[in-house]
Amino acid sequence: MIKIYDDVLTSNEADDIEKNIISSQFPFYISESSGTVTDDLANEFKDNRYVKEHWQFVHTTIDYDPDTKKTIFNSDYSHSSIDLLNKFMNKLNVKNYNLARSKINFQPQYKNADKHSYNVPHTDMVDDHIVAIYYVNDSDGDTFIFDNNNKILKRITPKKGRFLLFDGSLKHAGSHPYYSKYRVVVNFDVYSNPALTNILS
């Protein structure tokens, strides 16, 4: 239910993406909450000693309206985001898919974090979906994936050019870097379909 791909992009393509996103010209915005999830959800994990929340900056390229279940082009970078996902889907030989949401997360260094800490475990959507994460830069700050009992199933270390694919019903969490200056990922939520389900089975 969890797949990692390191050979989707050329090194030049990965370099260009990193250069374009990690730039003084790229518009990142402070998260609406005090961390990576809503304050209500964060409060559920307030007694978990491994959960350490901190500010992050976000650029939502494609937004999702849960009431109408429609996607909204939200940014001048929407098409670049789709181009990146298309390259990944072509690698997987997935011809048709429906994208619900896409956003870019910039997490700054957090000295109170450590290799065992992570942000609040969560799922992105109520609807059946698949999560794809693209790692923009090399950094520490693993992605954690959990089972139904909030036990860690797998940790994935950020590597520039890496794609991660997993079942969206699994709780997951990023983590702020404690050595690197920043951690940047592109997060995609794609509606489940047989082709993607078969890949993860």
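Analyst: Happy to. One term to begin with: buried means under 20% relative accessible area, exposed over 50%, and partly exposed in between (1.4 Å probe, protein chains only). This is a predicted model, where local features need pLDDT of at least 70, side-chain atom pairs count only at pLDDT 80 or more, and totals for chains, interfaces and linings use all residues. Residues are numbered from 1 along each chain as its sequence is written, and side-chain values use heavy atoms, with hydrogens and water left out.

User: Is Lys 160 buried or partly exposed?

Analyst: Lys 160 is partly exposed, at 25% relative accessibility.

User: What does Lys 160 meet in a salt bridge?

Analyst: Its partner is Glu 18, at 2.9 Å from N to O. A salt bridge here is a side-chain nitrogen of Lys or Arg within 4 Å of a carboxyl oxygen of Asp or Glu.

User: Where do Glu 18 and Lys 160 lie?

Analyst: Glu 18 lies in helix α1 and Lys 160 in the loop between β8 and β9, so the pair ties together parts 142 residues apart in sequence. Helices (H or I, at least four residues) and strands (E, at least two) are DSSP runs, numbered from the N terminus. Glu 18 is partly exposed too, at 21%.

User: How many salt bridges does the structure hold?

Analyst: Ten. Another one joins Asp 124 and Arg 101, 3.6 Å from N to O.

User: Are Asp 124 and Arg 101 buried or exposed?

Analyst: Both Asp 124 and Arg 101 are buried.
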